[in-house]
Amino acid sequence: MTELLLSKPIVDASLVNLRKRAEILKNNGLIPRLAIILAGQNQASLTYTRNKKLFCEKFGAICDIIQLPETVSGGSFLDAVRTTSRDPLVHGCLIQLPLPEHLKDLELDTLIPAHKDIDGFHPLNMHALMRDAPASTYFCPCTPKGILGLLEFYNINVSGKHVVIIGRSSIVGKPLAMLLTNKNATVTLCHSKTSDLRSIAHGADILISAIGHARLIDQSFFSTKKQPVVVDVGTNFDSDNKLCGDVDFDAVRDLVSAISPVPGGVGPLTILSLAQNLLQAAENNVK
Ligand code: GUN
């Protein structure tokens, strides 16, 4: 029987804890506050930022969305990020990606100071992840952190396992490979130029897809010898504009031991991790 790796029980259980932590902060005169800088009208980004704001409101945090026009100049964009991230009332700050084409080459890595970089993209946070620093001392990128939380919740041990990740983005694939390596997994990081992707996938104990290609992962990625755990990080829209993952769920569900669906799998855990990072950032102000 294939196990469904659903995020709802994790989010529901975590919300209780998030509310408690926000309440303690409130008693210390502090309301956790997230600021999101959003340039342009990318539909997915508008949805993500709205969901982040709604989630913040669920546990007693404030979320400001600083909406800039698609045509905002590089200079004005940088000014907005600097002003927002320097605001002492803002505990966590992020730039919603992707950015409009003309802003993509801006030097952004250190613009948001590391102690407010709840995305975990600042070089200091990245380096802390690389050297396996204690979790409370830095911010871990949200989607990789959510995936680790999902595996832990369902008692899926990664130590000594062969984890195959498909997709090498800076937001998911690369930091996830590091995080899993720190947890003693043996990681193969695959991408669009990997040759013989399917035979690598056949050897996976855990297969994680973050390639951003609707239903790419079909029966051919699985052999009869192994029933891996599958984590689907994809948020894609098919030709009927229906939300779907990277994995062809119906085609593979009987070939795997456990699988996270889309929707209802990894997506909400990214927002949960962001909330946890926000509270960590806010709590650092009262310690
Ligand atoms: N766009 C899609 N995922 C993310 C994320 O985790 N952080 C930011 N800043 N933008 C995103």
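Residues are numbered from 1 along each chain as its sequence is written, and side-chain values use heavy atoms, with hydrogens and water left out. Because the model is predicted, local features need pLDDT of at least 70 and side-chain atom pairs count only at pLDDT 80 or more, while totals for chains, interfaces and linings use all residues.

Helices (H or I, at least four residues) and strands (E, at least two) are DSSP runs, numbered from the N terminus. Helix H2 spans residues 43-59 and has 17 residues. From first C-alpha to last, H2 reaches 25 Å, close to the 24 Å expected at 1.5 Å a residue; the expected span is 1.5 Å times one less than the number of residues. Asn42 caps the N-terminal end. One of its side-chain oxygens lies 3.0 Å from the backbone nitrogen of Ala44. Just after H2, Gly60 takes a positive phi of about 95°.

The buried residues of H2 are Ser45, Leu46, Thr49, Lys52, Phe55, Cys56 and Phe59. Buried means under 20% relative accessible area, exposed over 50% and partly exposed in between (1.4 Å probe, protein chains only). Their cover includes helices H1 (8-27) and H9 (267-283), together with strands E2 (33-39), E3 (62-68) and E4 (92-95).

Strands E3, E2 and E4 form an open sheet in the order E3-E2-E4, with parallel pairing. Two strands pair if DSSP finds at least two bridges between them. E3 and E4 stand at the edges with a single partner strand each, so one side of each is left without a neighbour in the sheet. Neighbouring strands are turned by 15° against each other on average, direction ignored. E2 and E3 pair over seven bridges. Ile37 has Ile66 in E3 as its bridge partner.

A second open sheet has six strands in the order E1-E11-E8-E7-E5-E6, again with parallel pairing. Its edge strands are E1 (3-4) and E6 (186-190), each pairing on one side only. E8 (residues 229-232) and E11 (residues 258-259) pair over two bridges. Val230 stands opposite Ile259 in E11.

A nonpolar core is a set of buried Ala, Val, Leu, Ile, Met, Phe, Trp, Tyr and Cys residues joined through side-chain atoms within 4.5 Å. The largest has 56 residues. Those with the most contacts inside it are Leu34, Phe55, Phe59, Ile147, Leu180, Ile208 and Val231. H9 gives the most to this core, with nine residues. Apart from it lies another core of 17 residues, among them Leu68, Leu103, Leu108 and Leu111.

Leu278 lies in H9. With a relative accessible area of 0%, Leu278 is buried. Leaving aside neighbours within four places in sequence, its contacts (heavy atoms within 4.5 Å) include Leu34, Cys56, Phe59 and Ile118. The C-alpha atoms of Leu278 and Phe139 are separated by 9.2 Å, although the two are 139 residues apart along the chain.

Ser85 is found in helix H3 (residues 74-86). At 2% relative accessibility, Ser85 counts as buried. A polar atom of its side chain lies 2.8 Å from the backbone oxygen of Val81. Not counting residues up to four places away in sequence, Ser85 touches Cys93, Leu111, Ile112, Pro113 and Lys116.

Key. A polar contact is a pair of N or O atoms within 3.5 Å; within protein, one must be able to donate a hydrogen and the other to accept it, and residues adjacent in sequence count only if both atoms are side-chain atoms. Axes are lines fitted to C-alpha atoms, for helices over the stretch in contact, and angles run from 0 to 180 degrees between N-to-C directions.
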